[in-house]
Amino acid sequence: MSSSPPKTETYEVTLSRDERWVVHYVVSNRLDDALDDDETPPEWVLEILETVETDSDTDRFTGAQADRLYDAVTAYVDREETPDRDVSDGSVVLDRLEDVRKAQA
């Protein structure tokens, strides 16, 4: 008798339209960079794009996706040339992802 594989836990993250735009922008750039380098984009990039492109009030991310997204958004928010409005919305995204990271612990 075989058992079914464990289900990956997901976490709900509520993002506004502007916050979702920042996530989409950051992850789309990762996708473009991989394609420009003739590389296969990381699976997490494609999964997050699919998630934020759905028409839903709440996005669901795995812990690993939330961690990778946190790192990517942090890098974007910390760039000197990032527009102030994106820094503001990106910082809110980071706060929400930090809650997910705490829930994993």
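**A buried aspartate, a helix pair and some salt bridges**

Asp86 counts as buried, because its relative accessibility is 3%, under the 20% cut-off. Keep in mind as we walk through that this is a predicted model. Asp86 sits in helix α4, which spans residues 84-104. Setting aside residues up to four places away in sequence, Asp86 touches Trp21, Val22, Tyr76 and Val77. Its neighbour in the chain, Arg85, forms a salt bridge with Asp86, with the closest N and O atoms 4.0 Å apart.

Let's move on to helix α1 (residues 17-36) and helix α2 (residues 43-52). Their axes come within 9 Å and cross at roughly 150 degrees, so the two helices are roughly antiparallel to each other. The crossing of α1 past α2 is left-handed. On the α1 side, the contact includes Arg20, Val23 and His24, and these residues and others meet a set in α2 that includes Trp44, Val45 and Leu46. By type, the residues of this contact divide into 9 nonpolar, 2 polar and 2 charged.

Arg20 has another partner too: its side chain meets that of Asp59 in a salt bridge, at 3.0 Å from N to O. Since Arg20 lies in α1 and Asp59 in strand β2 (residues 58-62), the pair ties together parts 39 residues apart in sequence. Both Arg20 and Asp59 are buried.

Across the whole structure, a search finds 6 salt bridges. One of them joins Arg79 to Glu81, whose closest N and O atoms are 3.0 Å apart. Here Arg79 is partly exposed, at 34% relative accessibility, while Glu81 is exposed, at 55%.

Technical notes
Residues numbered from 1 in each chain as written. Predicted model: local features only at pLDDT ≥ 70, side-chain atom pairs only at ≥ 80, totals over all residues. Heavy atoms only, no water. Helix = DSSP H or I, 4+ residues; strand = E, 2+ residues; numbered from the N terminus. Contact = heavy atoms within 4.5 Å. Axes fitted to C-alpha atoms, helices over the stretch in contact; angles between N-to-C directions. Parallel < 35°, antiparallel > 145°, perpendicular 65-115°, else oblique. Left-handed = near helix turned anticlockwise from the far one by under 90°. Nonpolar A, V, L, I, M, F, W, Y, C, P; charged D, E, K, R; others polar. Buried < 20%, exposed > 50% of the residue type's maximum accessible area, 1.4 Å probe, protein only.
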